[in-house]
Amino acid sequence: MEIACNVIRQAPLIAELVNLATAQSRGGAPVQPPQGDELTEAFAANVSASQREALQAAADAGDRLGELAAQLRAALVAASPADTAAAINAMIRRYGAQPYLVEDVGQPFHLHFHGSERDPVDALGGEFAAALALIVDGYGAGRFGRCEASRCDAVYVDLTRNGSRRFCSAPCTARAKTAAYRARRGGESVS
Ligand SMILES: [Zn+2]
């Protein structure tokens, strides 16, 4: 199955929102997740100028982005495929995700899944929930997880061909390789 390019665009944004809002440690160091307006500003740095302005103007955007992030995290780190599916289905209902075809300038018609409300956070919720559903449909429920490197609870969404991803980022992959190498060399504990 070919994953829609819209889904490929959403996947890193989903991980970024979850990691900004919910990770207590990233890349081996503790972090303090931003909340409220700080979360809106931090997340809005990743989206288009028009989306950024809409988020900044929306009421309680930061609190609602935090709620969305918590639901996304529950889906991404769920204990079983059934739990992943249930969490995604709940978000599809909550945010009223509806497929519709859009023709952006310079692009052929493609599917969007904005939530039914005209609110930017609900729109994101609909897009993100639908993107996760399409990933499960195309690749199975095993494409999400929590970074396996030490002292990192960031999540990842894996769209690689072979689905072998286990870390949130290149730095965590490198840290884990170093740790495994040192463990093989002498069993001393490594950071
Ligand atoms: Zn990591």
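This briefing describes the zinc site and the salt bridges of the structure above. The model is predicted, so local features need pLDDT of at least 70 and side-chain atom pairs count only at pLDDT 80 or more, while totals for chains, interfaces and linings use all residues. Residues are numbered from 1 along each chain as its sequence is written, and side-chain values use heavy atoms, with hydrogens and water left out.

**Zinc site**

- The zinc ion is coordinated by the SG atoms of C147, C152, C168 and C172 at 2.3 to 2.4 Å, where donors are N, O and S atoms within 2.8 Å of the metal (3.2 Å for Na, K and Ca), and sites may look incomplete as water is not among the atoms.
- The donor residues follow the spacing C-x4-C-x15-C-x3-C in sequence.
- C152 and C168 are both buried, a term for under 20% relative accessible area, with exposed meaning over 50% and partly exposed in between (1.4 Å probe, protein chains only).
- C172 is also buried, with a relative accessible area of 0%.

**Salt bridges**

- A search of the whole structure finds six salt bridges, each a side-chain nitrogen of Lys or Arg within 4 Å of a carboxyl oxygen of Asp or Glu.
- R26 pairs with E16 in a salt bridge whose closest N and O atoms are 3.7 Å apart; R26 is partly exposed at 29% relative accessibility, and E16 is partly exposed at 23%.
- D119 and R64 form a salt bridge at 2.9 Å, N to O, and D119 is buried with a relative accessible area of 18%.
- R143 and D158 meet in a salt bridge at 3.8 Å, N to O; R143 is buried at 8% relative accessibility, and D158 is buried at 1%.
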